[in-house]
Amino acid sequence: MTQHTRTEDALAIVTGVTLVSTGIAFLAKAGLLTGGIAGLSFVLHYTTGWSFGLLFFVLNLPFYWLGLRRMGWRFTLKTFAAVALLSLMTEAQLRWLHLSDMAMPYAALVGGLIMAMGFLVLFRHQSSLGGVGILALYLQEHRGWRAGKVQMAVDSAIVATALVTLALDRVLWSVVCAVVLNLVLAMNHKPGRYVAT
């Protein structure tokens, strides 16, 4: 099996994070959100006005221990780097990417596609953006709970929480974004399709 070099991994993390942060900028401009820790960060950002990047970084901290136990130190270090970079990049995107208006359907569809492509790049280089995905894999291994169902339950709870702070149409378009993102991942991230590590 072909191993990625450290340079390839570093470039992949920068590429993946840049794509995900662009998708997040689309969602933020339209007032939408996504699932996982990013979704929870959006809910808290919309509620408190605190920095999305800072919230995302802090909320991910408890998951590194699980990542280390479940996926090893290499995965955990790459994930920490990706999370830290995304925390910085989302703040930078909001300053550098000037969008005067963003229609919710466009933000949901295109933002979801862009984020999915970023996740694929990260996954193919044994990295992630931490959070609920690590918890879901841990619970699957240690409790026998299906990772997909755990992820779905947490994402549903986050979207339900968003109903308190966001209008129903924004929540519904956020669900569309999550569906698009997960469909792209389901179609393109399958065992045996990509052999480098």
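Predicted model: local features only at pLDDT ≥ 70, side-chain atom pairs only at ≥ 80, totals over all residues.

Biologist: Fine. How many helices and strands does the protein have?

Modeller: Nine helices and zero strands. Along the sequence the pattern reads α-α-α-α-α-α-α-α-α.

Biologist: What does the C-alpha trace span along its principal axes?

Modeller: About 45 × 35 × 30 Å. The radius of gyration is 16 Å, and a compact globule with 197 residues would be near 16 Å, so the two agree.

Biologist: And what percentage of the residues count as buried?

Modeller: Of the 197 residues, 45%.

Biologist: Contacts next. Take residues at least 6 apart in sequence. What percentage of their contacts join residues at least 24 apart?

Modeller: That comes to 78%.

Biologist: Which residues line the largest cavity?

Modeller: The lining is I24, A25, A28, F42, F52, T90 and L94. Two elements give two or more residues to that lining, α1 (6-30) and α5 (73-96). The largest share is from α1, with three residues.

Biologist: How does that cavity lining divide into nonpolar, polar and charged?

Modeller: Six nonpolar, one polar and no charged.

Biologist: Now pockets. How much space lies in the second largest pocket?

Modeller: About 200 Å³. Its lining is made of R6, D9, A10, I13, W73, R74, L77, K78 and A81. Here the elements giving two or more residues are α1 and α5.

Biologist: Which element gives the largest share of that pocket lining?

Modeller: Helix α5, with five residues. By type, the pocket lining has five nonpolar, no polar and four charged residues.

Biologist: Let's switch to α9. What span should α9 have, and how far apart are its end C-alpha atoms?

Modeller: Helix α9 covers residues 168-188, which is 21 residues. At 1.5 Å a residue, α9 should span 30 Å.

Biologist: Which residues of α9 are buried?

Modeller: V171, S174, C177, V180, L181, V184 and L185.

Biologist: How far is A186 from A25, in sequence and in space?

Modeller: They are 161 residues apart in sequence. C-alpha to C-alpha, the distance is 23 Å. A25 is one of the residues lining the largest cavity.

Biologist: Last one. What is phi at Q126?

Modeller: Near 55 degrees, a positive value in a residue other than glycine. Most residues other than glycine have a negative phi.

Biologist: Where does Q126 sit?

Modeller: In the loop between α6 (104-123) and α7 (132-143).

Biologist: And what is the relative accessible area of Q126?

Modeller: It is 38%, so Q126 is partly exposed.

Key: Residues numbered from 1 in each chain as written. Heavy atoms only, no water. 1 Å grid on protein atoms, 1.4 Å probe; cavity = no way out; pocket = protein on both sides within 12 Å on 5 of 7 lines; lining within 4 Å. Helix = DSSP H or I, 4+ residues; strand = E, 2+ residues; numbered from the N terminus. Nonpolar A, V, L, I, M, F, W, Y, C, P; charged D, E, K, R; others polar. Expected span 1.5 Å × (residues − 1). Buried < 20%, exposed > 50% of the residue type's maximum accessible area, 1.4 Å probe, protein only. Rg over C-alpha atoms; globule rule 2.2 N^0.38 Å. Contact = heavy atoms within 4.5 Å. Points joined across faces, edges and corners; volume = space filled by probe spheres on them.
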